[in-house]
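Please read it alongside the sequence and the coordinates.

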Amino acid sequence: KASLDELTSKMEQKIGVLRDGKAEHMLTRLLVPGDVILLVGGCAVPADVEWLEGDVLSIDTAALTGEPLPRNYPSDDYGRMILCGTTVRAGEAYCIVRKTGINTEVGGSQAEIMQDK
């Protein structure tokens with residue numbers, strides 16, 4: 001069990017966060033609405049977030065939409081909201097966490113599926 005716990009802890013994603021005026025790296029599962037995170041190319045989007053400032057982000061939404069081409073955020077077509085479960089392909093930007101866990105779009109859908117079973 002100890003080796004499984006160690007392996008699991010190494011797999012957990014950390015992200016740069018600005019919380020209460022302090023910058024730190026923390027586990028994504030500890031994010032709360034209002035945290036400001038830095039999204040960079042290659043990272044999974046850990047919560048439903050709103051783009052604040054930085055580069056236009058190229059976001060792979062295929063896991064949610066099935067679309068093969070990435071979307072750009074922010075944009076007139078897709079707005080500023082980036083959903084949990086997508087992946088940053090390119091760019092670097094600060095985003096504010098709006099929803100986490102079961103409260104995200106993906107989390108809410110999963111909860112509905114579990115209730116139907």
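A salt bridge here is a side-chain nitrogen of Lys or Arg within 4 Å of a carboxyl oxygen of Asp or Glu. By this rule the structure, which is a predicted model, has six salt bridges.

**Salt bridges**

- Side chains of opposite charge can pair when their charged atoms come close.
- Arg29 and Glu12 form one of the salt bridges, with their closest N and O atoms 2.4 Å apart. This pair links distant parts of the chain: Arg29 sits in the loop between strand 2 and strand 3, Glu12 in the loop between helix 1 (2–11) and strand 1 (14–19), and they are 17 residues apart.
- Arg29 is exposed, at 57% relative accessible area, while Glu12 is partly exposed at 27%.
- Another salt bridge joins the side chains of Arg19 and Asp35, at 2.7 Å from N to O. Here too the link is between distant parts of the chain, with Arg19 in strand 1 and Asp35 in the loop between strand 2 and strand 3, 16 residues apart.
- Arg19 counts as partly exposed at 23% relative accessibility, whereas Asp35 is buried at 2%.
- Arg98 and Glu50 also meet through their side chains in a salt bridge, with an N to O distance of 2.8 Å. Arg98 belongs to strand 9 and Glu50 to strand 4 (residues 48–54), so this pair ties together parts that are 48 residues apart in sequence.
- Arg98 is partly exposed, with a relative accessible area of 39%. Through salt bridges with shared partners, Glu50, Arg80 and Arg98 are joined into one network.

- Strands of a sheet pair through backbone hydrogen bonds, either parallel or antiparallel.
- Five bridges pair strand 3 (residues 36–40) with strand 9 (residues 92–99) in the antiparallel sense. Ile37 has Cys95 of strand 9 as its bridge partner.

**Cysteines**

- The disulfide count is zero, where a disulfide would require a pair of cysteine sulfur atoms within 2.5 Å.
- Cys43 is in no disulfide, its nearest cysteine sulfur being that of Cys95 at 8.8 Å. Cys95 is likewise in no disulfide, and the nearest cysteine sulfur to it is that of Cys43.
- Are these cysteines buried or exposed? Cys43 counts as buried at 11% relative accessibility, and Cys95 counts as buried at 0%.

- Strand 5 (residues 57–60) runs antiparallel to strand 6 and is joined to it by three bridges. Within that pairing, Leu57 has Tyr73 of strand 6 as its bridge partner.

Definitions and conventions. Residues are numbered from 1 along each chain as its sequence is written. This is a predicted model: local features need pLDDT of at least 70, side-chain atom pairs count only at pLDDT 80 or more; totals for chains, interfaces and linings use all residues. Side-chain values use heavy atoms; hydrogens and water are left out. Two strands pair if DSSP finds at least two bridges between them. Helices (H or I, at least four residues) and strands (E, at least two) are DSSP runs, numbered from the N terminus. Buried means under 20% relative accessible area, exposed over 50%, partly exposed in between (1.4 Å probe, protein chains only).
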